[in-house]
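Visitor: I have not looked at this one before. Can you take me through it in short steps?

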There are 2 protein chains.
Amino acid sequence: MDLSTLKNRQIRLAQRPVGLPGPECWQATEEAVTAPQEGGVLCQTLALSLDPAMRGWMNEGKSYIPPVEIGAVMRAGGIGRVIASENAAFPVGALVTGGPGVQDYFLVPGDQIKRTGLARIDPRLGSVTQWLNVLGMPGMTGYFGLMDVGQPKAGETVVVSGAAGAVGQTVGQLAKIKGCRVVGIAGGEAKCEWVVKELGFDACIDYKNGSVKDGLKQHCPDGIDVYFDNVGGEILDTVLTRINRKARIIICGAISQYNNTTAVQGPKNYLSLLVNRARMEGIVVFDYAPRYMEAITEMAAYLKDGRMKSKEDVVRGTVADFPATLPKLFKGENFGKLVLQLAD
Amino acid sequence: MDLSTLKNRQIRLAQRPVGLPGPECWQATEEAVTAPQEGGVLCQTLALSLDPAMRGWMNEGKSYIPPVEIGAVMRAGGIGRVIASENAAFPVGALVTGGPGVQDYFLVPGDQIKRTGLARIDPRLGSVTQWLNVLGMPGMTGYFGLMDVGQPKAGETVVVSGAAGAVGQTVGQLAKIKGCRVVGIAGGEAKCEWVVKELGFDACIDYKNGSVKDGLKQHCPDGIDVYFDNVGGEILDTVLTRINRKARIIICGAISQYNNTTAVQGPKNYLSLLVNRARMEGIVVFDYAPRYMEAITEMAAYLKDGRMKSKEDVVRGTVADFPATLPKLFKGENFGKLVLQLAD
């Protein structure tokens, strides 16, 4: 392949957002593509994973991962195809998962392969977009958050917010497979109906149309044993009023709070943890990297035998569509895992 | 003993408080004393335990224990002496721990002995007031909260708020014995000095005089691994900004919030749990009743060999002094475990 003909379009962080990230936060650039040196690989980005966590990466300050620097290519996970290689483990044509960033091509030097977590994916286990969903970061987050922190037992009631989102769909389906009663919380009739009819949740509460409190009362007659929280805010507070003794709350995200321009709303009902001897615990998926294969193997089998479905909201476009696509997440406009597909 | 000469003075809950419980919440009554039936015991109350948790018991609504009913004798733990007995396990003269309520005498029918947790105490292990402190509920709370939920490891940094209070002094001294760096948070110079000089904490931050944030920065150079929270509010929020990865936060109480007339202040920095993969977990001491002897045996040995001290703030008086004494807790006026001693 003649690399000199390729143009690498990129989206860089131009400024840190206040509230919802608008177009002013981004800058489009274009660079030449360079060939890999010994041990390195050059990949074409096929699909980018758009995740709520990206909002946090845009903020300044200490977190579980350093912020994206101003002027840097926006960080993003994704799937690529090797188009030039000086590394026998990654032959041309191989599909890989890694962190391409929001750009058409990404070069991974030999000494960065391990650090960036570049790994081949097996297309027989799932499609490119499924590898960004149930078999990707959201799936891993849901799997280890639920199993390791939530520790659900058959017969228990599991509630998950963002139920139609990437993490939520994995959590709910997995909890069903493990024998739990599963109640989702999602926004809008279409999502709620899909979660129940297609994914097999026992119920789904539409927080946009009606009271979450009443919904929990109705659909969780035995209380809540495990709550997987993707949203924070009022919904977390409402769930806290209905947890059982020794309940486990997995703090995975707080999408309702990410674009606040005022302080985060803390859970004013947190003393329910005391009354119920319950636990609230955070999870960061990267901690489980050594165990990803365990989860992938198990969930690929569920995808194959039909016990699990994987729904992606795929936007086809170029990196230039990234700035307008990301906010869909924060407006609840995505239906399933949000993916920006750049190439096939 | 001629029981007919005895008058049982009582303090009953007259109305539920709004904010700090004032005199209007209480009603003084007097009753005759009746002799125990077969299996029962009659005790004289020697000392009452005054605890922050009492404020919660005065509220209506579901909690870890039913609320005190309007018109009922106020619930209180305490130490009594058997003065009439129809139960060989509790001979006249024996000292007992139980829940006398705020009254001079308490009768425990034979079929209520187990339910009320009436148990003899061994005066050789500690004084009556120590049996309400390190060897009593606060001590058990501190012991099991720290050891079971906090799981401190030698070399870790443990922070405890309400450090000069009943639970706090046990937690801090125990954590020192277990080889931790221990930093207290307390109100006022006298308490802070005592915590460091007498109890051997590494440091104590005076939240009434200076910044808790700066204090934590100075005294916890390696971050915070375990935080035992007795206060909630701003202090909890400040600690959350300095916790380490995999930190454990024990939610034991929230004395700063108990007399709020507005909503409880939720920890707005709770997403630090996510960033740090940390845990916040509630504890209710009653769950550990089957294991109390384990803690008592261990801590009585520390009292004996001088590694642990037990400081009580003993108010001598009658049950009529209860209404004016309880609020000391919420104003931070007690120095050590608050006890109302009625008799010797």
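Visitor: Where is A:N276 found?
Guide: A:N276 is in the loop between α8 (272-275) and β13 (279-282) of chain A. Helices (H or I, at least four residues) and strands (E, at least two) are DSSP runs, numbered from the N terminus. This is a predicted model, where local features need pLDDT of at least 70, side-chain atom pairs count only at pLDDT 80 or more, and totals for chains, interfaces and linings use all residues. Residues are numbered from 1 along each chain as its sequence is written, chains are lettered from A and ligands numbered from 1 in the order in which they are written, and side-chain values use heavy atoms, with hydrogens and water left out.

Visitor: Is A:N276 buried or exposed?
Guide: A:N276 counts as buried, because its relative accessibility is 10%. Buried means under 20% relative accessible area, exposed over 50%, and partly exposed in between (1.4 Å probe, protein chains only).

Visitor: What is A:N276 in contact with?
Guide: Leaving aside neighbours within four places in sequence, A:N276 is in contact with A:I243, A:N244, A:R245, A:K246 and A:A247. Contact means heavy atoms within 4.5 Å.

Visitor: And A:K246, where is its place?
Guide: A:K246 is in strand β12 (residues 243-251) of chain A. Its phi is near 65°, a positive value in a residue other than glycine. Most residues other than glycine have a negative phi. A:K246 is partly exposed, with a relative accessible area of 43%.

Visitor: What about phi of B:K246?
Guide: B:K246 also has a positive phi, about 65°, although it is not a glycine. B:K246 is partly exposed, at a relative accessible area of 44%.

Visitor: Next, the sheet. What is the order of its twelve strands?
Guide: The order is β10(A)-β9(A)-β8(A)-β11(A)-β12(A)-β13(A)-β13(B)-β12(B)-β11(B)-β8(B)-β9(B)-β10(B), in an open sheet with mixed pairing. Two strands pair if DSSP finds at least two bridges between them.

Visitor: Which strands stand at the edges?
Guide: β10 (203-206) of chain A and β10 (203-206) of chain B do; each has a single partner strand, so one side of each is left without a neighbour in the sheet. On average, neighbouring strands of this sheet are turned by 15° against each other, direction ignored. Axes here are lines fitted to C-alpha atoms, for helices over the stretch in contact, and angles run from 0 to 180 degrees between N-to-C directions.

Visitor: In which sense do β13(A) and β13 of chain B pair?
Guide: They pair in the antiparallel sense, over three bridges. A:M280 stands opposite B:M280 in β13(B).

Visitor: What does helix α6 of chain A lie across?
Guide: Helix α6 (residues 212-219) lies across β8 (157-161), β9 (181-186), β10 and β11 (224-229) of chain A, and runs at about 165° to β10(A).

Visitor: What rotation superposes chain A on chain B?
Guide: A rotation of 180°, with 0.0 Å of shift along its axis and an RMSD of 0.0 Å. That is the relation of a two-fold axis. In chain A, the C-alpha nearest the axis belongs to A:G266, 2.2 Å from it. Copies are superposed by least squares on the C-alpha atoms of residues with pLDDT of at least 70 in both.

Visitor: How many salt bridges between chain A and chain B?
Guide: The count is six. A salt bridge is a side-chain nitrogen of Lys or Arg within 4 Å of a carboxyl oxygen of Asp or Glu. B:R277 and A:D287 meet in a salt bridge at 2.7 Å, N to O.

Visitor: And over all chains, how many?
Guide: The structure holds 38 salt bridges over all chains. One of them joins the side chains of B:E31 and B:R12 at 3.0 Å, N to O. That pair links distant parts of the chain, with B:E31 in strand β2 (residues 26-32) and B:R12 in strand β1 (residues 7-13) of chain B, 19 residues apart. B:E31 is partly exposed at 38% relative accessibility, whereas B:R12 is buried at 15%.
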